Amino acid sequence: AASAAFSTGRTINVRTIPLFLLLLPLIEIAGFVLVGRQLGVLPTLGLVITGGVAGSILLRIQGFGALNRIRKELDAGRDPGRELAHGAMILVAGVLLLIPGFFTDIIGLLLFIPPVRDLGWRFLKSRVAFTTDFRGMRGGFSRGPDRGKTIDLDEEDFSRAPNPESPWRNRIEGD
């Protein structure tokens with residue numbers, strides 16, 4: 001019962017996620033030991049700090065680029081699903097680079113590479129059903145035929161001067 005089904009019929013056992021989260025620190029510690037043995041303590045710490053700084057810089061640069069691409073897709077009236085997925089992967093990449101460790105840094109750096117993100121998008125797209133409707137997203141106004149009720153007034157129908165025959169005028173003045 002603890003599984004997530006995708007459109008291909010495959011299932012992912014949700015119980016493996018906590019196991020992975022428990023193993024991740026052990027993998028990172030093993031990476032620290034292996035790299036520290038080869039380079040020494042200070043260069044290893046320098047690499048970890050450099051990875052965090054690089055992650056924050058890349059997240060800022062590529063994050064704003066992804067937001068601009070999403071905006072362009074919406075302005076053109078196209079589905080921004082791919083760009084949204086890229087933006088989410090860029091966010092995950094930035095978080096992975098901010099987490100101290102070499103394994104997460106490698107995965108994070110790979111996610112900053114657009115062809116790797118495209119591969120991830122193809123993987124997600126084939127397994128997750130997306131339903132989107134971005135027709136009304138262009139500046140908040142619908143440009144399609146279903147505009148709803150529109151009241152078209154001529155110049156003589158609209159006036160800023162008060163109408164003495166208005167039933168609302170008498171009600172306001174009477175109160």
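How many helices and strands are there in the protein? This predicted model has six helices and two strands. Along the sequence they follow the pattern β-β-α-α-α-α-α-α.

**The protein as a whole**

- The protein has 175 residues, and buried residues make up 21% of them.
- Its accessible surface comes to about 13300 Å², with 65% of that belonging to carbon and sulfur atoms.
- Among contacts with a separation of 6 or more, 55% are between residues 24 or more positions apart.

**The nonpolar core**

- In soluble globular proteins, nonpolar side chains tend to be buried together.
- Here, the largest nonpolar core has ten residues: Ala 66, Ala 85, Met 89, Ile 90, Ala 93, Leu 96, Leu 97, Leu 111, Phe 112 and Trp 121.
- Helix 3 (residues 81-98) supplies the largest share of this core, with six residues.

- The buried residues in helix 4 are Phe 102, Thr 104, Asp 105, Gly 108 and Leu 111.
- Their cover includes helix 1, helix 2 (41-75), helix 3 and helix 5 (114-127).
- The count of aromatic pairs comes to one.
- In this pair, the ring centres of Phe 32 and Phe 102 are 5.5 Å apart and the planes are at 65 degrees; an angle over 60 counts as edge-to-face, so that is what this pair is.
- The pair links distant parts of the chain, as Phe 32 sits in helix 1 (residues 16-39) and Phe 102 in helix 4 (residues 102-111), 70 residues apart.
- Are the two partners buried or exposed? Phe 102 is buried, with a relative accessible area of 15%, while Phe 32 is partly exposed at 28%.

**A nonpolar patch on the surface**

- Some nonpolar residues form a patch on the surface, among them Val 14, Leu 21, Ile 27, Phe 103 and Ile 107, and the whole patch has about 1000 Å² of accessible area.
- Helix 1 and helix 4 are the elements that give two or more residues to the patch.
- Helix 1 gives the most, with nine residues.
- Ile 27, a member of the patch, lies in helix 1 and counts as partly exposed at 36% relative accessibility.

Methods. Residues are numbered from 1 along each chain as its sequence is written. This is a predicted model: local features need pLDDT of at least 70, side-chain atom pairs count only at pLDDT 80 or more; totals for chains, interfaces and linings use all residues. Side-chain values use heavy atoms; hydrogens and water are left out. A nonpolar core is a set of buried Ala, Val, Leu, Ile, Met, Phe, Trp, Tyr and Cys residues joined through side-chain atoms within 4.5 Å. Buried means under 20% relative accessible area, exposed over 50%, partly exposed in between (1.4 Å probe, protein chains only). Helices (H or I, at least four residues) and strands (E, at least two) are DSSP runs, numbered from the N terminus. Rings of Phe, Tyr and Trp (its six-membered ring) pair if their centres lie within 6.5 Å; planes under 30 degrees apart count as stacked, over 60 as edge-to-face and the rest as tilted. Contact means heavy atoms within 4.5 Å. Patches are made of residues with over 30% relative accessible area and no salt bridge: like charges are joined within 9 Å, nonpolar side chains (Val, Leu, Ile, Met, Phe, Trp, Tyr) within 5 Å. Accessible areas come from the Shrake-Rupley method with a 1.4 Å probe; for residues, only the protein chains shown count as cover. A salt bridge is a side-chain nitrogen of Lys or Arg within 4 Å of a carboxyl oxygen of Asp or Glu.
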